[in-house]
Amino acid sequence: MSLRVSILTREYPPFIYGGAGVHVGQLVPQLRKLCDLVDVQCMGEPREGAVAHPESFPEGANQALRTLGADVSMAAAIPEVDVIHAHTWYAQFAGLVAGRLLDVPTVVTAHSLEPDRPWKAEQLAGGYRVSSWIEKMAYEQADAVIAVSEAMIANIQAAYPSVERSRIHVVKNGIDPEEFAPDHRRDVVDSLGVDLDQPLVVFVGRITRQKGLVHLVRAARQLDPDTQLLLLAGAPDTPEIAAEFDEAFASLEAARPGRVTWVRDMLPRESVRQVLTHATVFACPSIYEPLGIVNLEAMACETAVVASAVGGIPEVVVDGVTGLLVPYDPDQAGDAAYVTDFEQTFAARINELTRDPERAQDMGRAGRQRCIDEFSWSAIAAQTVTVYEKAIAAYRAR
């Protein structure tokens, strides 16, 4: 069958800051090989391959309201299509409106869920109630919901009980193993002052509650003395989170002088590849993660991963094979003793691998092979098209 789809997203290359943007940026080129038309509507600055809508109206309003302003503009710009696919709450309102306007089915992808991220209220204030309301409507009314991991199925049904299991389809995130591959050049790591004769632990991500970076910083006090910690971390969600992290980092830096580096500016992806390649261990201390593309990026660069066993991470990192997992129970986040034990265990797992570099290398090689075998974007695009076809058939059968 001929197939025309409109992809709605806030992020689109080259302006991306999170996993949803990476997902869309990788998915669209593969979909264009399979579909007659792939229209892309995004937000922000103009860019090639998409129609961009500024988040500027109403001027001076809460960010959530300005997002809705862009959504209305986005819905008005969608051409004649067979199905609409909206990514994250930022674009889901546009999907709701356009689906009704054009009389076509709407698909949403669950990259994360607002009820599972209550700390977003710190960032969005009243806008968090708006984003939660939009997401609830979108999931309840979508013709199909894509979960990026098996773990997300239970989360979706817990948050939105009216979403029938038959409407939920698992299509995991992926990785391009040609883009993310080992890069053994040294210019970037040398410029960052890394000593490649000593173990290196790397973190890549934003400074948010979700990513759990403060736990890694606290855990790092217990890393072996020769272990280096390199943080590629920026864009804190709120001044409060920035202040908390600044204090924790300053304390760690004082305790481990010369062994800790914080790169605050976002590095180009090619530079990140080189850093990941030279890491002994990639650390992912997230307290919430639907799947975790960043772990796939590290694995594709042949780097062992130590990660918290939350959400979809265990579907990516095979404990004892491609890395080590550390149990974490979000329900005990308020128990200081439990959190301290988690941080200590996280440090111990990292030390296991930095003390045994051959084991870490074996895990890294196994991780890259897993990326090639299980997480190719071409397969993910084909699975996504199957979801579109099911949504269209169900919509037309009403």
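This is a predicted model: local features need pLDDT of at least 70, side-chain atom pairs count only at pLDDT 80 or more; totals for chains, interfaces and linings use all residues.

Student: What makes the overall size of the protein chain agree with a compact globule?

Tutor: Set the value against the rule. A compact globule of 398 residues would have a radius of gyration near 21 Å, and the protein chain has 21 Å, so the two agree. Along its principal axes, the C-alpha trace spans about 65 × 40 × 40 Å.

Student: How many helices and strands does the protein chain have?

Tutor: There are 14 helices and 13 strands. Of the 398 residues, 57% count as buried. Among contacts with a separation of 6 or more, 69% join residues 24 or more positions apart.

Student: What about the surface and the charges?

Tutor: The accessible surface comes to about 16200 Å², and carbon and sulfur atoms hold 51% of that. The protein chain carries 35 positive and 54 negative side chains. The centres of these two sets lie 2 Å apart.

Student: Why is T9 called buried?

Tutor: Buried means under 20% relative accessible area. T9 has 2%, so T9 counts as buried. T9 sits in the loop between strand 1 and helix 1. Its contacts beyond four places in sequence include V40, C42, M74 and H87.

Student: What does the side chain of T9 reach?

Tutor: The side chain of T9 reaches the backbone oxygen of E11, at 2.7 Å. The cut-off for a polar contact is 3.5 Å.

Student: Why is E11 called buried?

Tutor: The relative accessible area of E11 is 7%, so E11 falls under the 20% limit. E11 lies in the loop between strand 1 (4-8) and helix 1 (19-31). Leaving aside residues up to four places away, E11 touches I16, Y17, G18, A20, G21, V24 and R47. A polar atom of the E11 side chain lies 2.7 Å from the backbone nitrogen of Y17.

Student: Where is G44 relative to E11?

Tutor: G44 and E11 are 33 residues apart along the chain. Their C-alpha atoms are separated by 8.0 Å.

Student: How do you know that N351 is buried?

Tutor: N351 has 5% relative accessibility, which means N351 is under the 20% limit. N351 is found in helix 12 (residues 336-354). Beyond four places in sequence, N351 touches Q222, L223 and D224. The backbone nitrogen of D224 lies 3.1 Å from a polar atom of the N351 side chain.

Student: Which peptide bonds are cis?

Tutor: One of them runs from P13 to P14, with omega near 5 degrees. P14 is in the loop between strand 1 and helix 1. Another runs from F57 to P58, with omega near -5 degrees. P58 is in the loop between strand 3 (51-53) and helix 2 (63-77).

Student: Why are such bonds worth a remark?

Tutor: Because most peptide bonds are trans.

Student: What is the phi of T88, and is T88 buried or exposed?

Tutor: Phi of T88 is near 70 degrees, a positive value in a residue other than glycine. T88 is found in helix 3 (residues 88-102). Its relative accessible area is 18%; that is under 20%, so T88 is buried.

Student: Why is D103 called exposed?

Tutor: Exposed means over 50%. D103 has a relative accessible area of 54%, so D103 is exposed. D103 lies in the loop between helix 3 and strand 5 (106-110). Phi of D103 is near 60 degrees, a positive value.

Terms used: Residues are numbered from 1 along each chain as its sequence is written. Side-chain values use heavy atoms; hydrogens and water are left out. Helices (H or I, at least four residues) and strands (E, at least two) are DSSP runs, numbered from the N terminus. The radius of gyration is taken over C-alpha atoms; the globule rule is 2.2 Å times the number of residues to the power 0.38. Buried means under 20% relative accessible area, exposed over 50%, partly exposed in between (1.4 Å probe, protein chains only). Contact means heavy atoms within 4.5 Å. Accessible areas come from the Shrake-Rupley method with a 1.4 Å probe; for residues, only the protein chains shown count as cover. Lys and Arg count as positive and Asp and Glu as negative; His and the chain ends are not counted. The place of a charge is taken as NZ of Lys, CZ of Arg, CG of Asp or CD of Glu. A polar contact is a pair of N or O atoms within 3.5 Å; within protein, one must be able to donate a hydrogen and the other to accept it, and residues adjacent in sequence count only if both atoms are side-chain atoms.
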